[in-house]
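Work through the exercises below with the model on display. Each task is followed by a stepwise solution.

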Amino acid sequence: MKIVSGSASTGLAEKISEELGVELLPMERKQFPDGEIYVRFKESVENERVIIVQSTCKPPNDNYIELFLMLDAARDLGAEKVEVVIPYFGYARQDKRFKDGEAVSLETISTLLESSGADEVYTVDYHPKGMGKDPEVFDIPAHNLTAAGLLASYVDENFDLKNPLVMGPDAGAESWAEKAGDSIDSEWNYMLKERLSSEEVEISLPDVDVEGRDVILVDDIISTGGTMCEAIRLLKDARARDVYACCTHPVLSGDALESIAMAGALEVIGTDTIDSDVSEVSVAPIIAEEVEK
Ligand code: R5P
């Protein structure tokens, strides 16, 4: 087995190769002045099981093209099997035609991945299906892992929590809250959210006493931070003690981090599916465990 990284996931790929005790293949990657992308495997992949690690976070189009080039080259260079780890799966949110005439982007991307040579896909907290459900859009084996337990354990181990409560900021985060809560033997619950615009949401608290308690908020993505900010404000108004805003994918558009801090979160914690200032938790152990199965 050989691990190789796209340019969006160099740190994570190194950690995965350390976890597995296998070689991280050197790769040449560059972008030409006109924006075109170049990749070259610097060592042979002939007859190897090759695992390519590439998040398709910002800039998603460049990261996808780089990934397609790597997949096709690995296959063409004689790799026996080519698997792809896409820790953050760009375009997964456009998984259906919400309005007439729209492209179903996720289907296009999955077709391109398969036709570029992917034999198997791994991702983490894949948006469309929710936790623990494998993507159905592929004709090849596809696995959806979750970082919910890792995030809760990180907060539990690194902070002195008082009567903790794990909370999802919306009904879609119920499964994350359950998994995170169970992993640290904590009570868990979730809020109800109505989206008013791409940046504005209205959230209501369930009937649970949060006064004086530390709350771990868990979600798959923090993008604009609108969801987390509203959830934190509600918890603070209900006299929660410290609030930890955790997510698998720290997309962090614009001034999301500042807004969340202003809303009153003690800490913002994400994973390294996307490399960011808050990527404290590595998903390398769960990926290594899954590819070794
Ligand atoms: C929504 O269904 C997702 O689980 C997240 O809650 C959402 O993507 C967060 O977006 P934002 O940070 O922009 O509110």
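**Exercise 1.** Find the bridge partner of Ile 86 in β6.

Solution. In β6, Ile 86 is bridged to Thr 123. The strands concerned are β5 (residues 81-86) and β6 (residues 120-124), which run parallel and are joined by four bridges. Strands (E, at least two residues) and helices (H or I, at least four) are DSSP runs, numbered from the N terminus; two strands pair if DSSP finds at least two bridges between them. The model is predicted, with local features needing pLDDT of at least 70 and side-chain atom pairs 80 or more, while totals for chains, interfaces and linings use all residues. Residues are numbered from 1 along each chain as its sequence is written, and side-chain values use heavy atoms, without hydrogens and water.

**Exercise 2.** Give the strand order of the sheet and state which strands stand at the edges.

Solution. The open sheet has five strands, ordered β1-β4-β5-β6-β7, with parallel pairing. β1 (2-5) and β7 (142-145) each have a single partner strand, so one side of each lacks a neighbour in the sheet. From one strand to the next the twist averages 20°.

**Exercise 3.** Describe how α6 and α7 pack.

Solution. Helix α6 (residues 226-237) and helix α7 (residues 256-263) pack at about 10°, with axes 9 Å apart. Axes are lines fitted to C-alpha atoms, for helices over the stretch in contact, and angles run from 0 to 180 degrees between N-to-C directions. The two helices are therefore roughly parallel (under 35 degrees). On α6, Met 228, Cys 229, Ile 232, Arg 233 and Lys 236 meet Ser 259, Ile 260 and Ala 263 of α7, contact meaning heavy atoms within 4.5 Å.

Definitions and conventions. Parallel < 35°, antiparallel > 145°, perpendicular 65-115°, else oblique.
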